[in-house]
Amino acid sequence: MASLTLVMPGEVLSEDILPVPSNKSVPLKLGPGLRHIPPSTVTTTIAGPLCVDGRKNAVWVENHRGRYIPQPNDVVIASVHHSSTDWYHCAITPHTAFALLPQLAFEGATKKTRPQLTSGSLIYARVLSASKHHDPEIVCYNPSTGKSEGMGELKGGMVFDVSLSMARRLLLNKQRDEGGLIVLDELAGELAFEIAVGRNGKVWVKADGVKATLLVGKALQDTDRDALKIDEQRKLVKKLLRQT
């Protein structure tokens, strides 16, 4: 489980606060809100809780209300804006440059079998590369396996906005233990739905009908907005289900 320390911009992180991996060959991963100054200095660039995950040998500053900055390996929900000869140009956020999605960047895609996306199509993708000098590049497969693993075009459903911290919590493997979330488990006990969570603060939900889809989205947004604890999430779900 990640530990938290509040930091301010410009702070230099001491070595004793950085994670110590069990496997010394695993490199330290610096996430959003941190900058590496060679040879070994790490400073903060934003204010917020400093998250340290020793298991993944990762450290980052949580950005609760700020703008999403694409990071390699993040999963995101993007919207196709337009296409060119070899690329789809996709919007990840309103304030960042379009991400480039190669038209063959899908599992097993060829020129004949590639998805035919149009303006407005939604996709679930992984950030392959991102830097301040180049537009982000995204792909709809896991580069390590070549498999889609749930990525690709998202058909139907609705997209809901959540905070960046809520998106991170929803992406945790152990949502209850590591993120203090049970809202999805409580909903899944009563409703059938599909969900995709983007690190860019977007959640795609598809349930059996508009009413059920809206219910799931509202439960997530209310939990996020009101910072509901576990018992409060359980009460919220029961309340929303009674209203349907």
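In which sense do β14 and strand β15 pair, and over how many bridges? I looked this up and found the antiparallel sense, over six bridges, with β15 covering residues 202-207. Two strands count as paired if DSSP finds at least two bridges between them. Helices (H or I, at least four residues) and strands (E, at least two) are DSSP runs, numbered from the N terminus.

I note that this is a predicted model, where local features need pLDDT of at least 70, side-chain atom pairs count only at pLDDT 80 or more, and totals for chains, interfaces and linings use all residues. Residues are numbered from 1 along each chain as its sequence is written, and side-chain values use heavy atoms, with hydrogens and water left out.

Entry: the three-stranded sheet.
I traced an open sheet in the order β13-β15-β14, with antiparallel pairing. β13 (158-161) and β14 (193-198) are at the edges with a single partner strand each, so one side of each has no neighbour in the sheet. I read an average twist of 25° from one strand to the next. Gly198 stands opposite Lys202 in β15. Helix α4 (residues 210-225) packs on the sheet and touches β13, β14 and β15; its direction makes about 15° with that of β13. Axes are lines fitted to C-alpha atoms, for helices over the stretch in contact, and angles run from 0 to 180 degrees between N-to-C directions. Contact means heavy atoms within 4.5 Å.

Entry: α4 against α5.
I found α4 and helix α5 (residues 230-243) packed at an angle of about 150°, their axes 10 Å apart. That makes α4 roughly antiparallel to α5, a term for angles over 145 degrees. On the α4 side I listed Leu215, Lys218, Ala219, Asp222 and Thr223, which meet Gln233, Leu236, Leu240 and Leu241 in α5.

Entry: the nonpolar cores.
A nonpolar core is a set of buried Ala, Val, Leu, Ile, Met, Phe, Trp, Tyr and Cys residues joined through side-chain atoms within 4.5 Å; buried means under 20% relative accessible area (1.4 Å probe, protein chains only). The largest has 27 residues, of which Cys90, Leu101, Ile123 and Ile138 touch the most other members. β7 gives the most to this core, with five residues. Apart from it I located another core, of 23 residues, including Val216 and Leu236.

I followed a hairpin from β7 to β8 through three residues. These strands pair in the antiparallel sense over four bridges, and His82 has His89 in β8 as its bridge partner. β8 and β9 also pair in the antiparallel sense, over four bridges. Tyr88 stands opposite Leu101 in β9.

Key:
Buried means under 20% relative accessible area, exposed over 50%, partly exposed in between (1.4 Å probe, protein chains only). Angles under 35 degrees count as roughly parallel, over 145 as roughly antiparallel, 65 to 115 as roughly perpendicular and the rest as oblique.
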